[in-house]
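Dear colleague,

I am handing over the structure below, and my notes on what was found in it follow. Please read them alongside the model.

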Amino acid sequence: MCGIIGCNGVSAAVPVLTLGLERMEYRGYDSSGIAVIADGKTEITKKKGRVSELINALRFKPQATAAIGIGHTRWATHGEPSDENAHPHQSGKFTLVHNGIIENHTELKEQYLKLTKMKSDTDTEVAVHLLNRFYSDGCLKALAHTARLLEGSFALAVICEEEPEKLFCVRQSSPLVVGLGEGTYAASDTAAISEKIHTLYRMDDGEIAVLEKDKIEFYDFELNKIRKAPEKFEKSSYASDKGNFEHFMLKEIYEQPEAIRRTVDAYLNENGFNLGLKPQKPERIFIVACGSAYHAGLVGRRIFESLAKIPVSVETASEFRYSEPLVSEKTPVIIISQSGETADSLAALREAKKRGAKTLSIINVKESTIATESDFVLLTRAGPEIAVATTKAYGAQLSALYLLGIYFAESFGTADKKELEKMKKALTDLHKSVSAALNCEEQIKEIAHRLRHIDRAYFIGRGAGFAAASEGSLKLKEISYIHCEAYAAGEMKHGTISLIEKDTTVIAMNTQTALAHKLQSNIDEVRSRGARVIAVTSADSKISADETITVPEVHPLFAVSTQIVPVQLLSYHIARLRGCDIDKPRNLAKSVTVE
Ligand code: M6R
């Protein structure tokens with residue numbers, strides 16, 4: 001959450017910073033700001049609201065021909081979204097931007113800044129006053145002193161009028177990369193600076209970088225010099241346009257078949273798997289993730305248990321990290337994350353490693369911290385995902401889990417070989433069925449029109465259908481703000497069915513052909529109490545409901561991949577009819593880098 005950017009030695013810093021902020025707006029979008037040093041003076045512009053409002057505000061200022069600057073897009077943690085709380089923050093000659101949370105800001109204020117009048121309600125402001133207070137013998141010393149005192153997570157970019165030719169960066173538990181090109185750059189995400197750099201340095205926790213116009217030096221917090229290996233950075237074309245689509249989310253739903261095809265093709269071809277992994281049958285596997293990635297993990301459990309006969313525990317990362325998990329070298333841990341930067345998932349990874357577990361991560365962003373720190377990485381090939389609500393990355397995560405499940409079963413000899421061959425073929429063709437599932441969009445638009453005013457909905461399913469229901473429920477609630485609940489269909493009658501009344505919307509996910517008759521009973525139970533049920537089902541499975549959305553038949557293990565498509569589309573169209581900000585829903589950010 002929050003995105004920071006910095007540049008030095010460029011011909012015009014303002015457009016570099018604003019373009020970078022636009023690209024990182026998915027990280028937070030309640031306010032944004034930049035600071036540049038021009039003619040020895042710092043100029044700050046910051047605004048509540050979207051980056052577009054910052055850009056508007058900059059129009060009314062003379063465009064600084066500054067070569068150095070920093071920028072920030074915010075997801076508020078301390079202090080409401082406002083111009084005052086927006087970054088950068090300034091004290092004396094220092095100006096900084098921050099991503100993370102300074103957990104001991106109250107204590108630091110009490111100890112060092114009793115007489116300082118704060119201009120904002122942020123935790124961040126303390127850091128900039130400390131820099132000013134400790135400045136006596138150069139910025140670097142003041143920065144190291146401050147960094148040693150801060151607790152929590154912080155990626156900082158700092159400029160100072162005393163040394164206007166240097167950009168200072170610090171990383172502790174919040175992502176930050178720096179790079180060289182025509183000038184030097186720093187950003188929370190390489191996407192912000194992707195076409196500017198040819199050389200990348202990944203900063204590690206506890207490091208400071210000093211960026212001059214054509215070189216970068218690294219130090220630890222004791223100011224010992226660090227030598228870091230440069231990496232050649234492959235320029236990527238940044239998928240920043242929506243093409244003919246009204247929103248990124250819809251575009252990304254339509255990119256889902258391709259995301260699945262590319263992920264499967266990367267690791268499975270006519271000669272078999274090329275995962276580069278030699279698994280030994282473990283006692284248990286832990287799958288740990290957040291949000292939709294956790295829901296993908298719930299599907300993964302079904303696959304691993306039924307094919308590879310390995311018991312699996314699936315946990316949300318925020319619970320796992322503090323649960324004293326019973327993991328060891330005998331229990332590998334799989335972390336699933338689109339961004340690879342989710343704070344809880346990263347902490348879970350570190351906890352698992354500390355306890356001796358081998359870690360495997362399923363990640364969409366190659367340069368991310370989780371990918372870098374995992375023992376083994378299975379990269380999903382969804383490409384950049386911009387909409388906050390994940391769709392194609394979730395689809396790619398499911399495919400990665402299918403790949404692993406079949407591969408484990410093959411390696412451990414736990415499933416019939418012929419059946420596994422059939423599954424491999426079915427997996428290779430899965431993208432075609434997912435593509436055909438998109439044909440339901442016209443039907444979905446009509447349903448969305450009818451449902452646009454509902455104030456609640458229930459999603460039910462059995463087995464993997466419950467995992468799909470959980471994802472469907474999250475999708476609808478996060479972008480349309482309709483209260484939704486997902487329930488294991490058989491559990492409804494243990495309490496929640498009391499909420500069903502005339503015209504309550506229930507969406508039933510029928511992914512388990514073998515359990516269709518059981519789900520049918522649950523559908524009948526809620527219908528007889530007045531619910532209007534929309535069933536999502538595969539062509540081979542008969543279900544009777546008020547309305548049925550039928551998607552192509554696939555191997556039963558992969559049914560979530562096709563059945564999630566109508567639910568993603570339904571969420572999208574309902575949110576659109578309600579006039580919601582689909583790509584940037586309120587209160588959310590794409591990459592949750594705080595606890
Ligand atoms: O980047 P990650 O996959 O680790 O993100 C995890 C969740 O924050 C994410 O899936 C979130 O739930 C999405 N907004 C759901 O659409």
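Ser-173 is placed in the loop between strand S8 (167–172) and strand S9 (177–181), where strands (E, at least two residues) and helices (H or I, at least four residues) are DSSP runs numbered from the N terminus. The phi of Ser-173 is near 60 degrees, which is a positive value in a residue other than glycine. The loop between strand S4 (68–74) and strand S5 (89–91) holds Pro-88, and the peptide bond from His-87 to Pro-88 is cis, with omega near 0 degrees.

A word on conventions: this is a predicted model, in which local features need pLDDT of at least 70 and side-chain atom pairs count only at pLDDT 80 or more, while totals for chains, interfaces and linings use all residues. Residues are numbered from 1 along each chain as its sequence is written, and side-chain values use heavy atoms, with hydrogens and water left out.

The domain assignment gives domain 1 (3–232), domain 2 (245–428) and domain 3 (438–580), with bounds that come from an automatic or database assignment. The centres of domain 1 and domain 3, taken over C-alpha atoms, are separated by 45 Å.

The ligand lies between domain 2 (245–428) and domain 3 (438–580), because both give residues to the shell around it. Of the 15 residues around the ligand, those that come nearest are Ser-337, Gln-338, Ser-339, Thr-342 and Glu-478, a residue being near if one of its heavy atoms lies within 4 Å. Helix H8 (291–308) and helix H15 (464–480) each supply at least two residues of this shell.

As for polar contacts (pairs of N or O atoms within 3.5 Å), a backbone N or O atom of Ser-292 lies 3.1 Å from an oxygen atom of the ligand, and one of Thr-390 lies 2.9 Å from an oxygen atom of the ligand. A polar backbone atom of Val-388 is 3.2 Å from a nitrogen atom of the ligand. The protein covers 90% of the 410 Å² of accessible area that the ligand has on its own, by the Shrake-Rupley method with a 1.4 Å probe.

Best regards

Conventions. A polar contact is a pair of N or O atoms within 3.5 Å; within protein, one must be able to donate a hydrogen and the other to accept it, and residues adjacent in sequence count only if both atoms are side-chain atoms.
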